[in-house]
Amino acid sequence: MNAFPFGNRMISDQLIRAENRPSGFDYLRLFLSIGVLLTHSIDICYGWHASLVIWLWRGPLHPMFYFIVPSFFALSGFLVAGSLERNTIPAFLTLRFIRIFPALCVEVLISALFLGTLLTSLSLRDYFSHPEFWRYLGNIVGWVHFDLPGVFENDLPRTV
């Protein structure tokens, strides 16, 4: 009985067969991204001082929660580096732009036009005419602004 799951083939043979795109890493990144989303959602929904959050971050499973975010970033970095290796630099930059920019535009526009209008304490006229609303749209081109006018005004001050 052969001890290797691939028989006499090597991992490099499997990579060649998959055209250097093994899907297992994509599934692992998807799993880790869901883990990142869930752990951050718990913190955001319940706050840092909630007993559930304290149990998660200080309980018996805390090593797993500390492992999720760094694992996601490391694996994503490896996959992006693999993409750079397979493509020319102009093709790589084009693919990164096509992957990131449309989603960023949609996220910023949904936040500003839909969520902001639902959550603001201002009238819609004041909301859309406020300079902070227009500054927030600068997130599309990388000019980062966190606040929308009249949204979450009573939150604790943020330290960034």
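Leaving aside neighbours within four places in sequence, S111 is in contact with G116, Y127, Y136 and L148, where contact means heavy atoms within 4.5 Å. This is a predicted model, in which local features need pLDDT of at least 70 and side-chain atom pairs count only at pLDDT 80 or more, while totals for chains, interfaces and linings use all residues. Residues are numbered from 1 along each chain as its sequence is written, and side-chain values use heavy atoms, with hydrogens and water left out.

**Around S111**

- S111 lies in helix α5; helices here are DSSP runs of H or I with at least four residues, numbered from the N terminus.
- With a relative accessible area of 13%, S111 is buried (buried is under 20%, exposed over 50%, and partly exposed in between, using a 1.4 Å probe and protein chains only).

**How α4 meets α5**

- Two packed helices are described by the angle between their axes and the distance between the axes.
- For α4 (residues 62-86) and α5 (residues 89-119), the angle is about 140 degrees and the axes are 8 Å apart; axes are lines fitted to C-alpha atoms over the stretch in contact, and angles run from 0 to 180 degrees between N-to-C directions.
- The two helices are therefore oblique to each other, since angles under 35 degrees count as roughly parallel, over 145 as roughly antiparallel, 65 to 115 as roughly perpendicular and the rest as oblique.
- On the α4 side the contact is made by V80, S83 and L84, and on the α5 side by I89, F92 and R96.
- Sorted by class, this contact has four nonpolar residues, one polar and one charged (Ala, Val, Leu, Ile, Met, Phe, Trp, Tyr, Cys and Pro are nonpolar; Asp, Glu, Lys and Arg are charged; the others, Gly among them, are polar).

**The salt bridge**

- Searching the whole structure turns up one salt bridge, meaning a side-chain nitrogen of Lys or Arg within 4 Å of a carboxyl oxygen of Asp or Glu.
- It joins the side chains of E132 and R135, at 3.0 Å from N to O.
- Both residues sit in helix α7 (residues 131-136), three residues apart, about one turn of the helix.
- E132 counts as buried at 15% relative accessibility, whereas R135 is partly exposed at 31%.

**Aromatic rings**

- There are six aromatic pairs in the structure; rings of Phe, Tyr and Trp (its six-membered ring) pair if their centres lie within 6.5 Å, with planes under 30 degrees apart counted as stacked, over 60 as edge-to-face and the rest as tilted.
- One of them is the tilted pair of F72 and F73, 5.7 Å centre to centre with 55 degrees between the planes.
- F73 is exposed, at 57% relative accessible area.
- Y127, F128, F133 and W134 are linked into a cluster by ring pairs.
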